[in-house]
Amino acid sequence: MPYLLRSARFIAAEILEKAVAPGNTVIDATMGNGHDTLTLCRLVGEKGHVIAFDVQSAAVESTKKRLEEAGVLDRAQLHCMGHQHMAEVVSGPVDAVVFNLGWLPGGDKAVTTLLDTTKQAVHAALSLLRPLGICLICCYPGHQEGDREREYLMDMLAKLAPQQYNVLWHKFLNAGPGAPECFVIQRQ
Ligand SMILES: C[S@@+](CC[C@H](N)C(=O)[O-])C[C@H]1O[C@@H](n2cnc3c(N)ncnc32)[C@H](O)[C@@H]1O
């Protein structure tokens with residue numbers, strides 16, 4: 001099969017597959033319909049833990065159903081709570097944190113992630129990472145809040161000390177506005 005260059009979302013999924021191992025503890029900061037939560041549950045295996053957050057009860061219900069059907073609900077904790085509070089429920093270090101910013105696909109576009117809470121959550125996530133832990137953030141410029149999130153992340157992540165974190169940035173340079181971008185941060 002020929003190799004296809006794919007968008008930041010797919011690159012994020014490929015990195016997750018390599019970075020998350022059986023027995024890991026990981027966070028899905030934006031559970032949505034639970035696609036990423038399910039992937040994480042499969043990657044951490046029976047002995048691993050996935051802690052997931054969303055502010056919408058519809059997202060939590062949809063994720064719960066997806067995980068139940070896949071038989072992996074027992075390895076997940078689903079919180080109907082803003083990800084900015086993650087440090088209140090997660091105490092120990094984690095192996096990975098995943099953010100897929102924006103709104104619930106097929107849901108209310110008004111309920112999108114917001115710069116202020118995204119800022120707090122990303123800082124909490126970076127502090128919770130264990131050494132060599134990975135944080136993946138997919139963001140979607142092209143709408144007001146997405147533009148603000150991207151601008152903040154570009155600036156803040158570029159200033160992280162390389163002795164503490166390595167930061168990688170994926171985007172198609174010629175895809176035009178609104179194309180997803182992905183930041184990959186690894187704690188040193
Ligand atoms: C792009 S969707 C996530 C899609 C999801 N990863 C999936 O696999 O289906 C973004 C989600 O972030 C949620 N969200 C918005 N603000 C949030 C917050 N402060 N904390 C946690 N989730 C939030 C939205 O409700 C929405 O479901």
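Predicted model: local features only at pLDDT ≥ 70, side-chain atom pairs only at ≥ 80, totals over all residues.

Student: How many of the residues of helix α2 are buried?

Tutor: Seven of the ten, so by the count α2, residues 35–44, is mostly covered. The general idea is that an α-helix has 3.6 residues a turn, so residues three or four places apart point the same way. Look again at the list with that in mind: Asp-36, Leu-40 and Val-44 are among the buried residues.

Student: Which elements do the buried residues of α2 pack against?

Tutor: They pack against helices α1 (8–19) and α3 (57–70), and against strands β1 (25–28), β2 (49–54), β3 (76–80) and β4 (94–100). After α2 comes Gly-45, with a positive phi near 70°.

Student: Is Leu-132 buried or exposed?

Tutor: Exposed, because Leu-132 has 11 C-beta neighbours inside 10 Å, and a residue counts as exposed with 12 or fewer. Glu-61, in helix α3, has 14 other C-beta atoms within 10 Å and is therefore partly exposed. Met-1, in the segment before α1, is exposed, because 3 other C-beta atoms lie within 10 Å.

Student: What can I learn from comparing separation in sequence with distance in space?

Tutor: Take two pairs. Glu-61 and Leu-78 are 17 residues apart along the chain, and their C-alpha atoms are separated by 9.2 Å. Met-1 and Lys-171 are 170 residues apart in sequence, with 23 Å from C-alpha to C-alpha.

Student: Next, the sheet. In what order do the strands of the open sheet lie?

Tutor: The general idea is that strands of a sheet pair through backbone hydrogen bonds, either parallel or antiparallel. Here seven strands form an open sheet in the order β3-β2-β1-β4-β5-β7-β6, and the pairing is mixed. At the edges are β3 and β6 (165–170), each of which pairs on one side only. On average, neighbouring strands of this sheet are turned by 15° against each other, direction ignored.

Student: Which way do β1 and β2 run, parallel or antiparallel?

Tutor: Parallel, with four bridges joining them. Strand β2 is largely enclosed by the rest of the structure, because five of its six residues are buried.

Student: And what about the antiparallel pairs?

Tutor: β5 and β7 pair in the antiparallel sense over six bridges, and Ile-134 stands opposite Gln-186 in β7. β6 and β7 also run antiparallel and are joined by six bridges; there, Trp-169 has Phe-183 in β7 as its bridge partner. Five of the seven residues of β7 are buried, so β7 is largely enclosed by the rest of the structure.

Student: Which helices lie across β5, and at what angle do they run to β5?

Tutor: α1 lies across β4, β5 (129–139), β6 and β7 (181–187), at about 160° to β5. α6 lies across β5, β6 and β7, at about 145° to β5.

Student: How do I describe two helices that pack on each other?

Tutor: Two packed helices are described by the angle between their axes and the distance between the axes. For α5 (residues 115–128) and α6 (residues 144–158), the axes come within 9 Å and cross at roughly 35°. The crossing of α5 past α6 is right-handed. At the contact, Leu-115, Thr-118 and Lys-119 of α5 meet Glu-145, Arg-148, Glu-149 and Tyr-152 of α6. By class, the residues of this contact are two nonpolar, one polar and four charged.

Student: Last, the ligand. How many residues surround the ligand, and which are the closest?

Tutor: There are 21, and the closest are Thr-30, Gly-32, His-35, Gly-82 and Leu-104. α2 and β2 are the elements that give two or more residues to this shell. The shell around the ligand has six nonpolar, 13 polar and two charged residues.

Conventions:
Residues numbered from 1 in each chain as written. Buried ≥ 20, exposed ≤ 12 C-beta atoms within 10 Å, placed from the backbone. Contact = placed C-beta atoms within 7 Å. Near = placed C-beta within 6 Å. Nonpolar A, V, L, I, M, F, W, Y, C, P; charged D, E, K, R; others polar. Axes fitted to C-alpha atoms, helices over the stretch in contact; angles between N-to-C directions. Left-handed = near helix turned anticlockwise from the far one by under 90°. Pairing = 2+ DSSP bridges.
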